[in-house]
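Open the model in your viewer and keep the selection panel at hand. The stops below say what to select next and what is there.

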Amino acid sequence: KNNKKVKDLLNATTTLNDITVKGWVRTFRNNQFIALNDGSTIHNIQCVVDFENTSETVLKRITTGAALSISGNLVESKGAGQKYEVQVLQLEILGDSDAEKYPMQPKKHSLEFLRENAHLRVRTNAFGAIMRVRSTLSFAVHQYFQERGFFYVNTPIITGSDAEGAGEMFKVTALPFDKTPRTEEGKVNYKEDFFGKETNLTVSGQLEAETYAMALGQVYTFGPTFRAENSNTSRHLAEFWMIEPEVAFNDLDANMDLAEDFIKYVIKYTVEKCADDLKFLETRLLEEEKSKPQNERSEMSLMEKLNFVMENNFKRVTYTEAIDILRNSKPNKNKKFQYLIDEWGADLQSEHERFLVEKHFKCPVILFDYPAKIKAFYMRLNEDGKTVRAMDILFPGIGEIVGGSQREERYDVLVEKMKALGIDEEELWWYLDTRKFGTAVHSGFGLGFERLVLFVTGMTNIRDVIPFPRTPQNAEF
Ligand code: 4AD
Ligand code: MG
């Protein structure tokens, strides 16, 4: 009846009798002091064992990782470091943890080692904090949109379309490999497969979300998306979560306003709700910085970075202006930015993006009006006939965090574009219907959720902000 969470006990304002707390042992000192954690907070509660009246066998089983149920009284602590502690009256070992074999020893493990133990790493302080922050951020996403009258739409995971036209799709076949229907040449005969057509895991819910925006006005998706890009970087996952709002009657300016306001809101919400976890992550980062040479250390702490983003306007710059800046910038001495573009029309490499954000503007940047040639088919063509109403938001330390656009709402222009790119009109007949019946200006964007979690937690590898990362050659868990 008096079950308590560690969080509640730490926030208690009076002593409490007859409480029970369940959790896992972090450390056990002097045969007396258990640091118990139940995942509700970064902090442990100290539970003091009356070792003189506890059997040797039980004491031996209080090891790091063991699951315990402790009943007793919350009393004022005589030791420094905590106001209250649990005076243990009854201790039950729910699950042993062999100290010799338990991989999560109470010491600092490398992130690589922890990735290999993705099922246990969440028991460490750092990963507990990261995953609580992730959860809070996702709640903030829903809260932001729901408070503003957006409807949450669940777009399909299995689709027949390639929204981005990048061809980086995981194919779906329904039957076991050896039973997959084949043509005479040995190719998969999708017509006879489960769906009767070629399907893949979605790369984006945008096209479906557009059809919903053209009925419900303001919608958003928040779900898993899949990309079979064979890039083993610290910013790419094969399975990642994307947030995609889509709004009828919004032009590109309104789209930029929405994205900026949204990002600031979710960061603010999380900074308020996860103060302790972020403080822990900030301290961890500061420790890490100390091992770096002076000139590579970050100028700002984690909280300073988050505050900076919340308090400053994102810089809005056209692609053309950005190219001019890059052209006129000398590569810096250590040649980090030696690949500067001098050709209008080329796609920006991550070096360029980082130069603009980290060296030139020193703040988040919204780049817009990109060359049509390097962007997806659905983007609104500008009057100049060569740029589209696209926007990318670039973040310090992250690079591209958002990609979005005003959509091409004109049926004829869209069809012409699809023809030019060899996109089958018949495949996208349903998408084209939005332009045939009651078309209107509309815009949206996609925010890579893990990149946002990276930014907020200050972590540097995207594999460390999703519970079970999917990357090339890695689907162990
Ligand atoms: O720029 P992208 O490809 O845009 C779209 O998919 C649009 N359909 C979105 C829209 O307008 N509704 O992807 C959007 C964002 C990127 O800015 C990036 O943050 C993230 O998704 N992203 C990835 N995150 C992790 N791993 C990957 N492989 C990612 N690819 C894109
Ligand atoms: Mg993009």
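Start with strand 8 and strand 10 (residues 199–201), which run antiparallel and are joined by two bridges. Strands here are DSSP runs of E of at least two residues, and helices are runs of H or I of at least four, numbered from the N terminus. Two strands pair if DSSP finds at least two bridges between them. Select T159: its bridge partner in strand 10 is N200.

This is a predicted model, in which local features need pLDDT of at least 70, side-chain atom pairs count only at pLDDT 80 or more, and totals for chains, interfaces and linings use all residues. Residues are numbered from 1 along each chain as its sequence is written, while chains are lettered from A and ligands numbered from 1 in the order in which they are written.

Now show the whole open sheet: three strands in the order 8-10-9, with antiparallel pairing. Strand 8 (158–159) and strand 9 (171–172) are the edge strands, each pairing on one side only.

Next, select helix 9 (residues 319–327) and helix 10 (residues 350–361). They pack at an angle of about 80°, with their axes 11 Å apart; axes are lines fitted to C-alpha atoms over the stretch in contact, and angles run from 0 to 180 degrees between N-to-C directions. Helix 9 is therefore roughly perpendicular to helix 10 (65 to 115 degrees). Show A322, I325 and L326 of helix 9, which meet H352, F355, L356 and H360 of helix 10 (contact: C-beta atoms, placed from the backbone, within 7 Å).

Key: Angles under 35 degrees count as roughly parallel, over 145 as roughly antiparallel, 65 to 115 as roughly perpendicular and the rest as oblique. Two residues are in contact if their C-beta atoms, placed from the backbone, lie within 7 Å.
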